[in-house]
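Here is a short briefing to read with the model open beside you. Take a look at the chains first, then come back for the notes.

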Amino acid sequence: MKMHYGAPIIVGLVIFVGALCAPFVVGMAVTKTYKQPELKMPANEKECVESKEFMREKHMQLLNDWRDWALRDGKRIYTNHAGKEFTISLQNTCMKCHISKADFCDKCHTDAGVSPYCWDCHIQPEGLK
Amino acid sequence: MKNNRRSFIKLAGIAAAGLAIAPKAMAAAMGGSAPIKEDPKGITAKQWAMVIDTTRLNTAQGIEKLAKVCHSVHNVPFIEGKQEVKWLWPDIYEHSFTEQENPYLADAVKKRQYALLCNHCQNPPCVRVCPTKATYKRPDGIVDMDYHRCIGCRYCMAGCPYGSRSFNWGEPRDHLDLAALNKEYPTRMRGVVEKCNFCVERLAVGKLPACVEASNGAIHFGDLNDPNSEVRAVLRERFTIRRKPSAGTEPSVYYII
């Protein structure tokens with residue numbers, strides 16, 4: 001059977017399917033070359049408020065709870081799963097160990113393309129310029 | 001059939017009771033509370049209150065000095081003119097006690113400057129009008145703000161009869177000495193309202209408010225609900241007035257005249 005305008009249609013289809021698949025191909029290439037950001041961990045402290053996995057996945061929920069507990073309930077001591085107590089404060093607890101926002105927070109946030117607005121008000125340990 | 005209806009109604013009754021109790025029982029079963037507690041160093045009250053002795057603290061200079069302490073502790077920007085941000089400021093009698101004016105006031109009272117700040121009302125209109133609950137009354141009576149939640153609608157500024165609230169029209173950090181910030185306390189951002197917080201962050205670690213500490217005893221601070229507290233003792237002995245009592249807001253800041 002003879003196909004009308006066969007060649008242009010086939011070429012067009014190939015280009016279309018190619019364009020459709022391009023993001024996946026590029027994505028595969030990027031994934032291969034992707035390196036996890038290297039964070040600067042606190043020098044003197046090995047244990048964070050909770051486990052590494054918990055902090056990695058849920059630090060935002062923790063900070064959210066911490067804010068309400070401290071501000072609204074006036075309860076500023078947090079007891080973690082191991083029974084250790086921490087003062088609820090971003091500037092005075094978290095950032096006393098993580099002494100650099102640029103070397104810690106920003107690394108993953110930039111990588112993940114998120115821009116939390118913590119530092120619009122809170123003062124990073126590096127100070128403001 | 002009779003028995004069946006009876007048992008059905010019984011069952012329905014039990015189910016209804018269960019529904020009413022279930023949420024609370026669930027909460028209790030799950031531990032009921034978050035892993036938090038108050039700092040034992042902190043000081044608490046039922047209703048914090050302040051008594052300002054205007055026979056001792058009555059000059060603009062003296063009040064500005066306290067304001068400077070307060071503003072540096074809380075990183076309050078210094079802006080002149082209509083966009084000023086203030087937590088504590090001086091003003092004259094006519095502006096401070098508008099309902100208690102008298103054309104022939106005693107000279108001493110008329111000449112004085114009065115230290116004004118958020119009154120931490122027992123019935124705060126700002127809390128009632130806030131659409132996001134960014135401002136709220138804490139169990140210790142302090143009217144505090146959660147700046148994360150403030151959307152800058154300024155209803156609270158319209159609601160407050162004392163002008164105790166300031167709006168950040170611009171980026172407050174542009175008007176702060178960034179090298180001299182108090183790094184223990186945050187700043188604010190553009191588009192939020194701010195005001196005096198009775199130094200909740202200091203009370204939480206057992207310190208008195210910054211202005212009280214710097215006032216050399218001209219400002220008394222304590223629990224209004226405790227008959228043995230310092231403020232109640234002062235209130236028993238001295239004649240005091242409050243700002244705009246007819247607004248029904250029940251201010252917690254008293255002025256010794």
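This is a predicted model: local features need pLDDT of at least 70, side-chain atom pairs count only at pLDDT 80 or more; totals for chains, interfaces and linings use all residues.

Residues are numbered from 1 along each chain as its sequence is written, and chains are lettered from A and ligands numbered from 1 in the order in which they are written.

**Where the chains meet**

- On chain A, 19 residues are in contact with 24 residues of chain B (C-beta atoms, placed from the backbone, within 7 Å).
- At least two residues each of the side of chain A that touches chain B come from α2 (52-71), β1 (77-79) and α3 (90-97) of chain A; helices (H or I, at least four residues) and strands (E, at least two) are DSSP runs, numbered from the N terminus.
- The largest share of that side, four residues, is supplied by α2(A).

**Strands across the interface**

- β1(A) pairs with strand β1 (residues 36-37) of chain B in the antiparallel sense, over two bridges (pairing takes at least two DSSP bridges between the strands).
- Tyr78(A) has Ile36(B) as its bridge partner in β1(B).

**Positive phi in chain B**

- Asn75(B), in the loop between α2 (60-73) and β3 (88-92) of chain B, has a phi near 55 degrees, a positive value in a residue other than glycine.
- Lys133(B) is not a glycine either, yet has a positive phi of about 60 degrees; Lys133(B) sits in the loop between α5 (125-129) and β5 (135-137) of chain B.

Methods. Two residues are in contact if their C-beta atoms, placed from the backbone, lie within 7 Å.
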